[in-house]
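Here is a short briefing on selected parts of the structure shown below.

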Amino acid sequence: MIVFASALTFFFVNLAPGGPGSVMRFDVDAQQREALIKRMGLDRPVEQRYAEWVGGAVRGDLGTSLLTDEPVSQRVGERLPNTLTLAGAALVLSIALGIPIGLIQALRRGSPLDHILSLLSAIGLSVPVFWLGIVLILLFAVSLRVLPSAGVTAIATDTPFDRLRHLVLPAVVLASTVLPTVVRFMRSAAIEVLHEDYIRTAAAKGLAPRVVLLRHVLRNALIPVVSAIGALVPRLLGGTVVTEAVFSWPGLGRLALEAAQGRDYPLITGLTVVVAAIAVTTSLLVDLAYTRIDPRIRIA
Amino acid sequence: MTRLGYAALATLAAIALLAVAGPLVWTIAPEATNPAQGLLGPSAAHPLGTDELGRDVLSRLLHGSRVTLVVGIAAMLAALLLGVIVGALAGFNGGWVDALLMRFTDGMLAVPAFFFVLVVITVLDKGISTLVFVIGALSWMPVARVVYGETLRWKTAEFVVAATSLGVPGPRLLMRHILPQAIPSLVVSATLGVAFAILTESALSYLGFGVQAPLPSLGNMLQRAQVYVFTAPALAIYPGIAITAVVLAFNFLGDGLRDALDPRRRR
Amino acid sequence: MSLGLHSFLFRATSLMFVATIAVTACTSTTPPGASTAPSAAAGPVSGGTVTIPIGADPTLNPWSPNAFVESLFINRAIFEGLTKPGKDLAPAPDLAESWTTASDGLSWTFKLRSGVKWSDGKPFSADDVAFTFNDIVLKPDLGAQNRASYAAVKSVTVVDPTTVRFDLTRKFAALPSFLAYNAGILPKHVLSADPLKTTSFNKGIPVSTGPFKVEKYTSGQSVSLVPNEHYFGPKPYLDKVVFTVVADPNTQIAQALSGDLQIMILDNKAAVERVKAASGLVVVSRPLVQYYWLSLNQTDNRFTDVRVRQAFVHAIDRQAIIKSVELGYGSIANSPITPALAAYYDPSLASKYPYDPAKATELLKAAGWTPGANGVLQKDGKPFQFTMDVGQRGVLEPVNALIQQDLKKVGVIVDLNTMEWNSYIQKDVVRREYTATVNWWTYPSDPDVFPYYHSSAAGKGFNIPGYQDPKLDDLLVQGQSASDLESRKAVYKQLQQYTSEVLPYLFLWYPQEIDVLSSSLKGVPELGLRDAMHYLGEWWLAKK
């Protein structure tokens with residue numbers, strides 16, 4: 001799958017009109033352009049370049065970025081932790097908030113609270129991410145001055161607290177893309193479980209409601225939710241592109257945007273490979289977790 | 001269907017009416033500039049004010065809704081077509097076709113498609129057809145899954161087996177007997193698909209890849225309005241609310257339909 | 001019951017609506033900023049850190065093809081050239097103390113400062129200048145940036161350790177001005193192996209001669225500068241200068257409003273009123289050597305008639321464009337020489353081609369274009385309709401929308417083809433396949449505009465419209481050959497008059513730059529921010 005993705009990307013990108021950003025400028029004259037194209041090796045046929053790239057990739061060398069002359073693996077490696085931090089924080093936030101809210105909604109199904117939370121969920125799903133980002137920046141960074149508006153950490157200092165402050169808004173905005181879905185899944189899964197016979201048996205047996213809740217309802221409801229969360233990871237990673245743009249967060253999403261606009265062919269291909277690898281790994285991990293949690297699968 | 005679902009349907013009908021008929025009634029051209037009248041507040045001539053070039057916001061909102069809805073629905077149809085083909089073929093044929101197609105679908109689902117979009121969209125000429133194609137290519141996978149599931153499910157139903165023994169050929173079986181069973185699920189997918197398409201269009205427009213100026217779309221109105229967020233925030237509010245309202249309505253409609261058509265409820 | 005639900009939904013949505021209004025209403029009041037009363041004392045004080053935003057990671061090498069846009073700021077601050085822009089924009093001494101041209105005009109000799117050291121302590125000498133030009137700039141296959149500006153330079157000769165001579169193939173009066181424009185000298189002892197691709201230099205810690213040197217480069221985040229202890233001049237006042245990477249222009253404004261930055265260029269001019277209203281910030285306008293133009297491809301014979309070109313300029317309401325797109329920060333242009341070049345600019349041309357659609361129609365009629373169906377102009381049965389390519393950058397999109405509407409009013413139909421910048425360059429510049437397009441030129445502080453107007457530059461060079469005129473060529477060459485200020489002034493006055501008549505490009509307007517400064521930041525010269533970077537050593541922060 002990854003190989004397929006890389007090939008597809010490489011050929012597609014090279015089809016794109018235009019060339020590397022440094023070549024495609026108004027004040028570059030024809031002679032300079034020719035010289036640059038030669039230096040970047042772009043005058044050789046596409047197949048040859050791809051073959052070279054694959055040869056390198058297999059050995060771990062993802063090529064050299066056309067726009068900065070640094071190795072692609074270095075550029076990706078610099079930004080990767082930032083994206084992982086952001087996506088991770090958003091994921092944690094979604095799970096930490098989503099599961100309790102979904103559970104509450106299931107328990108109070110049909111009540112005004114349920115309706116309000118559903119509405120908020122739906123709104124969260126419907127609001128354009130960048131709009132939310134800008135509104136939050138205006139509110140928290142400009143008006144109230146409590147949170148910073150851009151970057152990973154403060155310029156002068158670099159304490160963990162600074163990093164945390166800078167993480168809040170982008171993580172909240174990114175989480176908004178998946179939190180409503182988590183809530184919904186949890187809600188319907190919990191509702192299903194609550195109707196099951198074994199829950200009523202447990203209640204009839206006289207077990208304290210809280211025990212019933214935690215031990216039986218939660219654990220059983222979590223099963224489909226975990227696999228659902230696994231399916232949401234790609235959406236989360238995709239959402240980083242826009243979120244990172246709004247908050248000037250130096251991650252892979254922004255790198256991809258720059259690379260696409262600047263036609264940095266090796267970088268784009270390298271990025272796609274890395275991102276695809278992350279996504280595939282995560283879904284494998286989720287599948288593993290799934291087998292751990294679901295006792296039915298274990299027995300089978 | 002729940003009352004919420006009906007409410008959503010009514011809202012969407014109203015919006016559709018506005019989008020289709022609105023421009024016929026409110027005839028100010030959306031691209032008519034008048035720089036001297038830039039960034040005005042609401043007035044009798046311009047109920048929602050003017051944008052930075054003096055263009056009427058209401059007109060742009062109406063035309064923009066049209067474009068956004070067209071893109072959304074077209075993209076959804078594209079996704080539907082792709083998804084039905086893949087899912088039905090896989091479910092019906094089984095064997096290696098099944099394995100190949102479903103593996104491919106799972107693979108596409110697992111990879112963050114937005115990264116691909118960036119690449120693809122720089123290759124192709126900007127325009128509505130590219131946009132529709134790209135968004136469709138992003139969203140056919142869940143449809144394929146649904147159709148796959150339904151095909152598998154109904155393949156072994158009695159009436160299908162009966163039809164096979166009567167000598168009904170495969171494709172006709174698929175088209176006439178199996179797929180129609182999947183229609184309820186497809187309708188749900190479709191409504192949610194439009195919601196997704198509209199949000200994706202606005203995100204792409206924000207990044208500069210969506211519908212190109214001067215043609216207005218709700219997404220690119222938001223992108224231009226970003227420049228004026230400090231001086232005329234209203235320019236960003238109207239399209240933002242429009243997008244949210246439309247997407248919300250589609251989501252509620254989809255939910256309502258899903259509840260109504262859920263086979264378990266039928267019991 | 002359904003009524004209840006409907007009203008519930010209505011209430012919820014209107015609540016959200018109100019909330020958003022409230023948010024934006026809050027943001028239109030003055031934020032609780034740290035108000036800074038300017039210090040009573042007049043003298044500069046030492047200390048403090050200044051933060052400046054840039055859009056992306058810079059490349060710290062002025063000759064690298066990747067060093068454009070964001071890199072320009074830092075490169076001008078740390079790398080010194082032989083000359084730098086003076087406070088009146090005429091070339092001022094930097095690494096060179098003085099310069100003279102030979103009597104035949106075919107060489108320039110520069111006397112260099114002595115005692116200059118690189119930031120790693122090694123001495124600077126004429127060898128570094130020769131290295132920079134002979135081994136980097138003048139080597140075509142290296143693809144160094146701005147190479148085209150030095151087409152007239154044959155080679156650089158070291159006369160003695162503090163003297164260099166530029167040998168020319170033709171007269172080049174503008175050389176000292178060009179050397180002030182992104183032409184920093186690079187160290188031979190560090191870069192002789194790989195001058196343009198040494199990433200520990202370009203993307204790490206370079207070796208430079210300026211008052212500041214790079215302390216730390218954090219990719220995607222910031223580049224920080226500290227004073228260069230080996231600098232030949234006085235120690236700078238500031239302790240530190242930090243360039244932070246902030247990609248989104250609105251976020252830059254938000255940071256300025258919250259006091260996280262001390263100076264920035266306000267690209268998004270629409271926000272100027274909001275920024276002016278904030279306490280602790282000062283908004284100033286600065287001159288730029290830049291003009292916007294509309295190019296009508298001269299290979300299209302509809303545009304070769306000068307009356308058509310003049311008609312278009314009358315038909316476009318340029319003042320309205322300046323007002324709505326540049327918020328009034330600009331002036332109408334009728335020639336390629338900008339008001340910033342005060343010594344050469346001819347103000348008598350400023351009111352030429354007033355906005356006059358009637359005159360435009362008259363001129364078009366004289367050129368054979370008469371109204372046909374629907375008021376669309378036509379000639380020989382063909383309507384006057386064409387496509388304009390629009391690059392997605394800066395103010396180009398709204399400008400093209402306005403021009404489209406203006407031309408429509410006189411019966412010319414324009415279709416806009418909006419393109420992503422990279423593809424736009426490929427089509428309009430590299431392949432030169434376009435009918436009409438709007439863009440701008442920025443150039444060094446010298447009236448020598450030969451590369452953009454000479455007939456030899458048509459086709460593959462920078463003469464975008466492809467306008468070829470022997471009389472214009474002659475004026476351009478005269479300007480390059482004239483050696484004293486008075487004769488240059490005379491030639492360029494003629495040039496301005498002539499170009500405003502024949503309109504090789506349709507001149508639109510000269511923009512100004514808006515800079516936002518913290519009120520405690522002093523010592524910044526009244527130049528565009530990029531030029532002001534040459535004076536970073538003079539900036540200081542008043543105590544609050």
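A salt bridge is counted where a side-chain nitrogen of Lys or Arg lies within 4 Å of a carboxyl oxygen of Asp or Glu. By that rule, the count between chain A and chain C is one salt bridge. The model is predicted.

**Polar links between chain A and chain C**

- The salt bridge joins the side chains of A:Arg79 and C:Asp57, at 3.8 Å from N to O.
- One residue pair is in polar contact between chain A and chain C, with both residues at pLDDT 80 or more.
- On the side of chain A that touches chain C, the elements giving two or more residues are helix 2 (30–39), helix 4 (72–107), helix 5 (112–126), helix 6 (129–143), helix 10 (209–247) and helix 11 (252–261) of chain A.
- That side of chain A divides into 26 nonpolar, 13 polar and 13 charged residues.

**Extent of the contact**

- Chain A brings 52 residues to the contact, and chain C brings 60 residues.
- About 4900 Å² is buried between chain A and chain C. Carbon and sulfur atoms give 59% of that area.
- A:Phe26, A:Arg39 and A:Arg145 supply 17% of the area that chain A buries against chain C.

**Helix 9 of chain C**

- Helix 9 of chain C spans residues 306–315. It is largely enclosed by the rest of the structure, because eight of its 10 residues are buried.
- The buried residues are C:Val308, C:Arg309, C:Gln310, C:Ala311, C:Phe312, C:Val313, C:His314 and C:Ala315.
- C:Asp305 sits at the start of helix 9 of chain C. A side-chain oxygen of C:Asp305 comes within 2.9 Å of the backbone nitrogen of C:Arg307.

- Strand 9 of chain C (residues 222–227) is mostly covered, with six of its six residues buried.
- Strand 8 of chain C (residues 212–218) pairs with strand 9 of chain C in the antiparallel sense, over six bridges.
- Across this pairing, C:Tyr217 stands opposite C:Val223 in strand 9 of chain C.
- Three residues lie between strand 8 and strand 9 of chain C in their hairpin. In this hairpin, C:Gly220 takes a positive phi near 80°.
- Strand 9 of chain C also runs antiparallel to strand 10 of chain C (residues 240–245), and four bridges join them.
- C:Ser222 stands opposite C:Thr244 in strand 10 of chain C.

Definitions and conventions. Residues numbered from 1 in each chain as written. Chains lettered and ligands numbered in written order. Predicted model: local features only at pLDDT ≥ 70, side-chain atom pairs only at ≥ 80, totals over all residues. Heavy atoms only, no water. Buried < 20%, exposed > 50% of the residue type's maximum accessible area, 1.4 Å probe, protein only. Polar contact = N/O pair within 3.5 Å; in protein donor to acceptor, adjacent residues only side chain to side chain. Pairing = 2+ DSSP bridges. Contact = heavy atoms within 4.5 Å. Buried area = accessible area lost by both parts, 1.4 Å probe. Nonpolar A, V, L, I, M, F, W, Y, C, P; charged D, E, K, R; others polar.
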